[in-house]
Amino acid sequence: MENNCLFSIIMLTYERTALLKQAATALLNQTYKNLEIIIIDNGGTPENLKYLHELKKMDDRVKILHFKDNFFNPKEPMQLVEACINPGLKMATGDYLFYQNDDDLLAPDYIEKMVALFEGNSKCISVAGRPVSIDANGKLNDEKKAAPAHNFRPRYMPGHILALDYLRGGFMFNAYGSIFAFRRDVVMKEGGYHACVENCHIFGLVPFGITGYDETAVMYWRHHETQLNKQMNSIGWVSTDITKSLFKEWEIERKWKVFGNDLANEVITTLIKNNYKTMAMWTAVNLLALRWRASFNVLIKLWKCPLFWKQLPLELWRRRKDILLHFKPP
């Protein structure tokens with residue numbers, strides 16, 4: 001595809017060299033060639049760092065941002081956004097930008113189709129393709145689900161309608177929030193991503209313009225046990241405070257009032273309710289897995305929250321068969 005628009009990809013990596021190689025190779029082999037690939041080395045392993053140097057020599061589109069120390073802190077895992085990802089964003093010079101995890105894969109024509117979406121509508125500020133779940137070995141987790149069972153939406157639509165449908169449990173969007181690529185100026189106007197990165201995408205950026213979608217553009221979304229969200233939930237990390245900080249720092253309620261006070265209130269209250277539901281769900285999972293410390297970490301922070309206590313019995317009831325099997329005498 002011939003196009004002068006520069007597309008910037010930001011990727012954070014640490015130690016998953018085998019997966020990083022797959023992700024990087026998929027980027028280098030994109031049919032859209034006018035790319036800027038910024039890979040952030042978060043105090044990575046020697047093997048990772050060696051490969052990154054080789055990659056930079058191999059292709060001059062690759063830029064490396066190296067940090068000597070690893071910024072990951074299990075007590076504040078999302079500080080990686082401000083410490084690592086946003087500095088990478090500041091290096092970007094593209095018209096459009098996209099943050100990708102180092103364990104995911106893009107189909108060869110993915111970026112070409114994203115650029116086509118942007119260029120096809122001057123009011124389009126965000127675009128996305130269709131996520132297809134793969135396992136640690138790159139195999140489809142469920143071939144039947146490779147078809148677009150969700151993500152039913154037109155090629156272009158108002159972003160706030162998409163966000164509201166997602167909030168209300170509709171079928172227009174079923175992916176993680178950071179699947180979106182954005183016009184770079186839209187993101188940099190906010191100073192980069194917020195630490196509550198997925199909600200800042202879908203509720204802080206997408207709603208305020210037209211969003212584009214191409215179901216033929218496939219992103220292979222890898223589900224495996226070393227995913228950051230699974231690790232954090234298994235130790236009882238509570239995301240409630242960081243969600244509330246997004247509301248305050250990005251003035252989400254005020255911005256949403258352009259669509260009406262009622263919708264602004266619905267977004268704030270529903271996101272908080274959903275957060276408590278998620279915390280209750282993971283607490284139930286951790287209790288079943290006998291991860292007492294993780295369960296305690298959540299309980300000690302949310303013991304004053306009625307919504308959490310209302311949801312926890314429901315989550316345990318949903319898992320009653322697993323509980324009975326787990327505690328069944330030999």
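Which residues does N199 touch, not counting residues up to four places away in sequence? I started my notebook with that one.

**Ground rules**

I am working with a predicted model, where local features need pLDDT of at least 70, side-chain atom pairs count only at pLDDT 80 or more, and totals for chains, interfaces and linings use all residues. Residues are numbered from 1 along each chain as its sequence is written, and side-chain values use heavy atoms, with hydrogens and water left out.

**Entry: N199**

I found that N199 touches G204, T243, L246 and L271, once residues up to four places away in sequence are set aside. Contact here means heavy atoms within 4.5 Å. I placed N199 in helix α7, residues 197-204. Helices (H or I, at least four residues) and strands (E, at least two) are DSSP runs, numbered from the N terminus. N199 counts as buried, at 19% relative accessibility. For that label I use under 20% relative accessible area as buried, over 50% as exposed, and partly exposed in between, with a 1.4 Å probe and protein chains only. I also looked up N199 and K301, which are 102 residues apart along the chain, and their C-alpha atoms are separated by 21 Å.

**Entry: the whole chain**

I stepped back and noted 14 helices and 9 strands in the chain. The radius of gyration is 20 Å, close to the 20 Å that the globule rule gives for 330 residues, so the chain is as compact as a globular protein of that length. That radius is taken over C-alpha atoms, and the rule is 2.2 Å times the number of residues to the power 0.38. Along its principal axes, the C-alpha trace spans about 60 × 50 × 40 Å.

Of the 330 residues, 52% count as buried. I then looked at contacts with a separation of 6 or more, and residues 24 or more positions apart account for 79% of them.

**Entry: the core**

What is in the largest nonpolar core? I got 95 residues, and those with the most contacts inside it are F7, I111, I179, F180, Y193 and F308. Such a core is a set of buried Ala, Val, Leu, Ile, Met, Phe, Trp, Tyr and Cys residues joined through side-chain atoms within 4.5 Å. Helix α11 (residues 261-288) gives the most to this core, with 10 residues.

I followed F180 further. Leaving aside its neighbours within four places in sequence, F180 is in contact with residues including F98, L162, F173, H201 and V206.

**Entry: M91**

M91 lies in helix α3, residues 79-91. Is M91 buried or partly exposed? At 26% relative accessibility, M91 counts as partly exposed. I see M91 touching E36, I38, K63 and L65, with residues up to four places away in sequence not counted. M91 and L65 are 26 residues apart in sequence and 8.7 Å apart in space, C-alpha to C-alpha.

**Entry: positive phi**

Most residues other than glycine have a negative phi.

E251 has a positive phi of about 50° although it is not a glycine. I found E251 in the loop between α9 (240-249) and α10 (252-256), and E251 is partly exposed at 38% relative accessibility.

L290 has a positive phi of about 60°, and L290 is not a glycine either. L290 sits in the loop between α11 and α12 (292-302). With a relative accessible area of 36%, L290 is partly exposed.
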